[in-house]
Amino acid sequence: MITDARVLQPEFVPNDVKHRSAEVSHLSDTLRPIVEGNRATNSLLYGPSGAGKTCIAQHTIEQLRENVVALNYQYVNCWEDHSRFKTLYRLLDGIENTFDIHRQSTPKDELLERLREYDGPPYVVILDEVDQLQDKSLLYDLYRIPHITMVLIANREEDVFNTLDDRLNSRLGACPRIRFSQYSISELVTILEDRARWGIESDAINTDQLETIADYAAGDARVAIGIFRNAARVARQNGNDRITVDVIDQVVSETKSEIRQKTTDKLTHHQQVLYDTITEAGEIGAGDLYDAYCKVVDEPRTRRTIRNHLSKLEQYNLIVATGNTKARSYSLQS
DNA sequence: GATCCACAGGAATCCTCGGGGT
DNA sequence: ACCCCGAGGATTCCTGTGGATC
């Protein structure tokens, strides 16, 4: 029943993207100078998760590559590579300049120096989840390298600009910002129709069922494609040649927790305990939370460290904090 | 309204770990 | 075998803030 499993994968980037032509053309406008050999402007894509930011960034650059003789590009997820060193390493990796870097104790800004010295074709870098970048001054350093063009991606624009210093704000503050909003149900349906056409046999699913999936996904394309993929997998396991609504109902919660799991997997043990404690309590004040945390963990960290962890969890959109000072309480992100 | 207190978060410093140099 | 160095996490110290209490 499944004819091409690749197109059901979350990281698959289609040649033909739906409902984002305005965003694509805005982004390609900012990048167009590269085609004429000039310096392109940096840009920021922002919007809720599953709105197609990463996909559109990669798609647009792929398109650009077809028009430019030579162009390098690299995708960096700043959550996974959140330190200055790791991000720089990843960027050098994109231009294959890492063969002799094996230690963290390479002289202080040797990596940056190498990026500066790079004299190949224009280099476009996608910095996804850029608000998670530990050392924002890296953006300034990259900004000053002429042949590098940055495409920044974040959920909320204020998460990016609030954390920049004045110097960076005056430079990057003026860059084009492209807003992505949630997909509507019907938009999700057409996206799923494409995937269905490319990935599974033609009569294995119909519009009604795709609508059911889109409904469950609530505007998040990543969730929609995840449900679709799992439903196709379960249907195949059961030996069915069609994806029924029953199967879809069955895989929804599994898929959602799968996606949540991907996020919480990146947490440290201490962050995980905090998250679980909040999950259990529903809503909990800072003092009670710390006490509960200490009971669970062998070697509890200090209050100060826990506050850092909590603000990280908040940045990850896993929890929300409401109220100030004594009235502060933590609960799960809905 | 003055005072107290729990809490947030910035800055400086300490600690630990991994890898290189001698 | 030993020391050294850089990075990043944790801790210590601190200031500011707003709710609670009288």
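A: Let us begin with a term: helices are DSSP runs, labelled H or I, of at least four residues, and they are numbered from the N terminus. The structure above is a predicted model, and within it helix H14, which covers residues 303-315, gives the largest share of the surface near DNA strand C, namely 3 residues.

Q: Which residues come nearest to DNA strand C?

A: There are 14 residues around DNA strand C, and those that come nearest are Ser83, Gln134, Thr302, Thr305 and Thr325. Of the atoms of DNA strand C that come within 4 Å of the protein, 75% belong to sugar and phosphate.

Q: Which distances separate the side chains of Ser83 and Thr305 from a phosphate oxygen of DNA strand C?

A: An N or O atom in the side chain of Ser83 is 2.8 Å from a phosphate oxygen of DNA strand C, and for Thr305 the corresponding distance is 2.9 Å.

Q: Is Asp194 buried or exposed?

A: Asp194 has 3% relative accessibility and therefore counts as buried, because the cut-off for buried is under 20%. Lys18, at 27%, counts as partly exposed.

Q: What other salt bridges can I compare with that one?

A: Arg65 and Glu62 form a bridge with their closest N and O atoms 3.9 Å apart, and both lie in helix H2 (residues 53-67), 3 residues apart, which is about one turn of the helix. Arg229 and Glu258 meet at 3.5 Å, N to O, and they link distant parts of the chain, with Arg229 in helix H10 (residues 221-237) and Glu258 in helix H11 (residues 245-264), 29 residues apart. Arg229 is buried at 18% relative accessible area, while Glu258 is partly exposed at 30%. Bridges that share partners also join Lys18, Asp194 and Arg197 into one network.

Q: How many aromatic pairs are there, and how do I describe one?

A: A pair of aromatic rings is described by the distance of the centres and the angle of the planes. The count here is 5 aromatic pairs. For Phe85 and Tyr89 the centres are 6.2 Å apart and the planes are at 25 degrees, so this pair is stacked. Phe85 and Tyr89 both lie in helix H3 (residues 84-94), 4 residues apart, and they are partly exposed, Phe85 at 24% and Tyr89 at 28%. The rings of Tyr118 and Tyr123 have centres 5.8 Å apart and planes at 55 degrees, so that pair is tilted, and both residues are buried.

Q: Which charged ends sit over a ring?

A: The charged end of Lys266 is placed over the ring of Trp79, 4.1 Å from its centre, and that of Arg39 sits over the ring of Tyr143, 5.8 Å from its centre.

Definitions and conventions. Residues numbered from 1 in each chain as written. Chains lettered and ligands numbered in written order. Predicted model: local features only at pLDDT ≥ 70, side-chain atom pairs only at ≥ 80, totals over all residues. Heavy atoms only, no water. Buried < 20%, exposed > 50% of the residue type's maximum accessible area, 1.4 Å probe, protein only. Salt bridge = Lys/Arg side-chain N within 4 Å of Asp/Glu carboxyl O. Helix = DSSP H or I, 4+ residues; strand = E, 2+ residues; numbered from the N terminus. Phe/Tyr/Trp six-rings, centres within 6.5 Å; stacked < 30°, edge-to-face > 60°. Lys NZ or Arg CZ within 6 Å of the ring centre and 35° of its normal. Near = heavy atom within 4 Å. Polar contact = N/O pair within 3.5 Å; in protein donor to acceptor, adjacent residues only side chain to side chain.
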